Amino acid sequence: MKTTIATSLIVVTTLTAPIAHAETLRLLTWGGYAPEEVIAKFEAETGHTVEVTTSNNEEMIAKLRATNGGGFDLAQPSQDRITSAQEEFGIYKPIDMSRVHSELFIPSMLEATAANTTFEGEVYGLPHVWGTSGLVVNTAEAGAVQDYVDLCDASVAGKVSYRLKRPTLIGFAYSMGLDPFAAYNDTGKYQDILNQVEAKLTECKPNVKAYWGGGDEIKNLLRSGEVVASMAWDTGGWQLNADNPDITFVAPKSGALGWIDTFVLPARGRADDAAYDWINFVMRPDIAAMITNTAGNFTAAVDGDAGVSADLKARYQGSFDQTAIDNIKWYPPVPAGLEALEGATLDRINAAN
Amino acid sequence: MRSDASKLGFYLLLAPIVLWLLVLIILPHVGLFIVSISEKIGPRIYETGFGNYATFFGEPLYWRTFARTAIMSILATALTLILGFPIAYYIAKLTRGRTKTTLFLMCMIPFWVSELVRTFGWMILLRETGVISTTLQIIGVISGPIELLYNDAAIMVGLVYTSILFMVVPLVTTLDSLDDSLIEAGYDLGGTTTSILREIVIPHAMPGIVSGCIVVFMLSLGNYLTPILLGGKDSLWFTGMIYNQFITRFNWELGSALGFLLLALSSAIVFLGLKLSKQSLSNTMGRA
């Protein structure tokens, strides 16, 4: 009798023991940030399973807002969109730095992200992938396009595309000699900048072939030659460059716009252990290089660029010299409520004839 | 005893539909309405009021977009009817047996793939470097590439294509029920093709026409993919605007109000259509 109980106890403990540690990590991220091979390696090493949902900044916040921060265990919004979302909707929980292997992160990026994602004394974000948005230009046909405002030039009329989203407003403001980031906390001043940009973009509208929505759409437009100059992400330009050497990413004269995508923990995430394991796993230099090779963007991992393909490095260096890197405008945290002003401006541009 | 059992059976049969109505239709709308009457004052501070509804009527952009969407949907419905009626008439009256089934099937086959794929199909056909533009250049009709995508006509093509099945099916059903001898009698009494169409066929098919029109109008008005993908830089669509409020502006309050207004205004347009065509909803839906 006793032995039966003892055996069944052993059987039960051995059956439940691995289950108690292995969790399902529901990851809300961008396309390319969680490649199949990385997931397979992570699952083999830790026993956790990973479910990936790809999305973008706005949809990540909307999804988490709908569930008050549930449904996912780890999300990757850009660092400038974290504090306002936390202030308005309370959808994240603070990062426990003691569980993060901080020596894997480039110290300056870790500090900058921590400063930008601090809300009421708690840090909410860790840096992961960074990159820029600027111009993707077919240099053979539109070599004159050097800055955002050049998209309104008559020489490229009807062959231009950009998004009707906030990066377009910011980029145009900089190339018009304004400083929108400095006006972030002054609503009146910011509205004034938005009004000038609205006038410019309305005037520029006949030049635009179509406003693009997704990354694949703009790549198709550029690849087919229907569009010769556009606002887009650096990776998109480098990917196209591999197919057609004429097309590449150009850092605008007024400065490329720099973003950092982060790790944040949704407020009602259930698998924190798996989330921290994932963070510490993907920041290892070898894994970071694998992610850079699929996503096309560099990471905040120390030595993460060592294993990156030579082609990608060459394209990166072709687009960014030291001045261009120093001139990158990094997005500061967006104050809550600013999106409403920008939204009204974008709606008016969309409706203008 | 027996009446108790039949009562229980009645309630059991009723339960799924009541549950469906309550959980999937009524409760979400109550929730949506509550969100739509809360106005945002500051972060996490809300006040009850009808300010979001006032925004719709106060900002010309919103009601103009709604009017544009409604007018284009009505136009799409009319075009679908004009295109769908001859097809339905041919299937119902001029074919028999296997041909009839084959033709009906051919109308349905495009709907076996998702709407997204069909819309991408149209993009491949219509774009500047697409099939139509290239073919026209090869046969020498035009000298340079021509852009057929990103305009209102492209949206119209997409909408008609997406919804034509929902016009053809009710029309075929009602036209099937029309006795052929009535048409023959019409000819025997000296009627012309137009007068028979006007006096016999259309009055008989009216419930099918009206129910087809209601379905197509609602589908077009509530369509999101087709106008967004095929439309150009000036092509605003009301559902796209609701999406923007919810997703990119984080303004669920205004988005909910716009959603409610879409429901109310489109119902009003359908009601008006029924009154004008002198049909009742129960009559159309019952017979079609």
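For the complex as a whole, the predictor reports a pTM of 0.85 and an ipTM of 0.82. Within chain B, the average pLDDT is 90, and 98% of the residues score at least 70. Confidence in chain B is highest in helix α3 (residues 60–94), at 94, and lowest in helix α13 (residues 281–287), at a mean of 68. Where pLDDT is low, the predicted coordinates should not be read in detail.

Chain A contains an open sheet of three strands, ordered β2-β1-β3, with parallel pairing. Its edges are β2 (49–54) and β3 (74–75) of chain A, each of which pairs on one side only. Strand β1 of chain A, residues 24–29, joins β2(A) in the parallel sense through six bridges. In this part of the sheet, Leu28(A) stands opposite Thr53(A) of β2(A). In general, strands of a sheet pair through backbone hydrogen bonds, either parallel or antiparallel.

Two packed helices are described by the angle between their axes and the distance between the axes. In one pair, α3(B) packs against helix α7 (residues 152–176) of chain B at an angle of about 40 degrees, and the axes are 6 Å apart. The crossing of α3(B) and α7(B) is right-handed. By class, their contact has 22 nonpolar, three polar and three charged residues.

The other pair consists of helix α9 (residues 193–221) and helix α12 (residues 252–276) of chain B, whose axes lie 11 Å apart at an angle of about 160 degrees. Because angles over 145 degrees count as roughly antiparallel, α9(B) is roughly antiparallel to α12(B). This crossing of α9(B) and α12(B) is also right-handed. On the α9(B) side, the contact involves Val210(B), Cys213(B), Ile214(B), Phe217(B), Met218(B) and Leu221(B). These meet Ser266(B), Val270(B), Gly273(B) and Leu274(B) of α12(B). The contact of α9(B) with α12(B) has eight nonpolar and two polar residues, and no charged ones.

The last step is the contact between the chains. Chain A contributes 23 residues to it and chain B 17. On the side of chain B that touches chain A, helix α11 (residues 238–248) of chain B gives the most, with three residues. That side of chain B comprises seven nonpolar, four polar and six charged residues.

Definitions and conventions: Residues numbered from 1 in each chain as written. Chains lettered and ligands numbered in written order. Predicted model: local features only at pLDDT ≥ 70, side-chain atom pairs only at ≥ 80, totals over all residues. Pairing = 2+ DSSP bridges. Helix = DSSP H or I, 4+ residues; strand = E, 2+ residues; numbered from the N terminus. pLDDT = per-residue confidence, 0-100. Contact = placed C-beta atoms within 7 Å. Nonpolar A, V, L, I, M, F, W, Y, C, P; charged D, E, K, R; others polar. Axes fitted to C-alpha atoms, helices over the stretch in contact; angles between N-to-C directions. Parallel < 35°, antiparallel > 145°, perpendicular 65-115°, else oblique. Left-handed = near helix turned anticlockwise from the far one by under 90°.
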